[in-house]
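Please keep the sequence and the coordinates at hand while reading.

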Amino acid sequence: MRLSRYFLPVLKETPAEAQIVSHRLMLRAGMIRQASAGIYSWLPLGYRVLTRIARIVNEEQVRAGHIPMLMPTLQSADLWRESGRYDDYGEEMLRIRDRHDRDMLYGPTNEELITDIFRSYVGSYRQLPLTLYHIQWKFRDEIRPRFGVMRGREFLMKDGYNFDLTREDALHAYNRHLVSYLRTYERMGLQAIPMRADSGPIGGEDTHEFLVLAETGESEVFYDAEITDLKFGDRAIDYDDRAQCQAVLEEFTSRYARTDETHDEAVFAQVPEERRRKARGIEVGQIFYFGTKYSEPMGATVQGPDGKPVPVHMGSHGIGVSRLMGAIIEASHDERGIIWPEGVTPFHVGIVNLKQGDGEADAACERLYGELSALGLEPLYDDRDERAGAKFATMDLIGLPWRITVGPRGLKAGVVEVTDRRTGASEEMTPEAAVARID
Ligand code: ATP
Ligand code: MG
Ligand code: MG
Ligand code: MG
């Protein structure tokens, strides 16, 4: 992408309404624009990152054997009356009436809709196990939308639903989700800690929330410091291997880690004092096992091996796709701007031309642009006729992991400068070496 032809409305001033750094940086970097309270337009740069986050979520879900689909945002109230949640859900649900006076709602979650799909097509235990998911916009009429996309009213969520014959099978699905979530967050450069939580309006017995530690987080959390040493890393995992998934769950959930809703001082006191931590965190996902809570009232049964109908065991599993963008920035920035982890960066590398219009500098930039693109990397070439300082400030603000600086003086010596956004370290090298470094 050439910056002169892109749409990157960077703000010079720090927006006064933004209270936390991720919100400020997203506004300044021209990533989002508020359309109304808690509802945002995703400008091109923000949209690129959102797409990258969603792609990682998708890849890890498919790897775990889960099947992507897409359900609508608007739902009929009838299904929610069947589950009993139409009245229970309360003010957070946006209720709409259509021209025929039918009660509709903008889905805050999809247990009812997916259960209806399931019961319409699946009749035998032989079609199980089944996990379906989608990445779709949700609406929750949050009483206090704030912190930009962190607590929006309209937000993008990945929500998945497992259908299993037995409790044991459904618990395996739960474990599978836990493992796939660990991988997902790590690929985004985040440490998200599974913590025992409360199930809220989704209901159920087993549930973990995934929290990214951050001072600006809205959740209060208590944990054993040892937990922050755990890393899933690039170990191999067979998602069909129950013992293996169970072992990962045990490894990551056996130490004390709870949100304030489930925090228990007496149990916490058993953690050695020097390891006890009280902190704040951002909830970036949650997994639930809730058994037959929806399948029973909604008649989602299958014929079991003995020919008798049994209600399926279910769980639901959500990742806050749009909230993650805020969480990543909270975890990775400095005073000059965002520092994108490689996995989600909107462009891989920025090219800064120090002297636009200089024949040699222009040609060298074009060559770099072509070579990087040919390797499948996406460069953002700042080809505007701007001062070097302004170009550097923009690159630092939007946080691409690498910058290649090209100027007539360096070119005379046959070199360009490669700068690592995270460390700030710069190194001069030939253009060929620069391409090889970034690839
Ligand atoms: P919160 O406690 O922050 O209100 P929740 O527990 O109500 O979240 P879930 O029903 O567990 O949310 O939804 C799954 C995920 O969707 C959450 O873990 C979170 O990452 C994301 N999410 C929930 N509400 C919002 C929101 N208002 N804006 C952005 N993301 C959200
Ligand atoms: Mg909520
Ligand atoms: Mg919550
Ligand atoms: Mg939750």
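The model is a predicted one. Is Met 104 buried or exposed, or does it fall in between? With 15 other C-beta atoms within 10 Å, Met 104 is partly exposed, because a residue counts as buried at 20 or more such neighbours and as exposed at 12 or fewer. When neighbours within four places in sequence are set aside, the contacts of Met 104 are Leu 74, Gln 75, Ser 76, Ala 77, Ile 96, Arg 97 and Asp 98. A distance of 52 Å separates the C-alpha atom of Met 104 from that of Gly 424, which is 320 residues away along the chain.

Strand pairing comes next. Strand S3 (residues 67-68) pairs with strand S7 (residues 130-139) in the parallel sense, through two bridges, and Ile 67 is placed opposite Leu 132 in S7. On S7 there is also a pairing with S8, antiparallel and made of ten bridges. Within it, His 134 has Asp 159 of S8 as its bridge partner.

S13 contributes the most, with four residues. The shell comprises 16 residues, of which Phe 155, Gln 286, Gly 318, Gly 320 and Arg 323 come nearest to ligand 1. By class, the shell consists of three nonpolar, eight polar and five charged residues.

The interior can be considered in turn. In soluble globular proteins, nonpolar side chains tend to be buried together. Here the largest nonpolar core has 100 residues, and Ile 53, Val 284, Val 321, Ile 351, Leu 368, Ile 404 and Val 406 have the most contacts inside it. Helix H6 (residues 167-187) gives the most to this core, namely nine residues. Beyond four places in sequence, Val 321 touches Leu 50, Ile 53, Ala 54, Val 57, Ile 135, Leu 156, Met 157 and Lys 158.

Taken as a whole, the protein has 14 helices and 23 strands. Its radius of gyration is 24 Å, close to the 22 Å that the globule rule gives for 439 residues, so the protein is as compact as a globular protein of that length. The C-alpha trace spans about 80 × 60 × 40 Å along its principal axes. Buried residues account for 41% of the 439 residues. Of the contacts between residues at least 6 apart in sequence, 73% link residues at least 24 apart.

Conventions: Residues numbered from 1 in each chain as written. Chains lettered and ligands numbered in written order. Predicted model: local features only at pLDDT ≥ 70, side-chain atom pairs only at ≥ 80, totals over all residues. Near = placed C-beta within 6 Å. Nonpolar A, V, L, I, M, F, W, Y, C, P; charged D, E, K, R; others polar. Contact = placed C-beta atoms within 7 Å. Pairing = 2+ DSSP bridges. Core = buried A, V, L, I, M, F, W, Y, C linked by C-beta atoms within 7 Å. Rg over C-alpha atoms; globule rule 2.2 N^0.38 Å.
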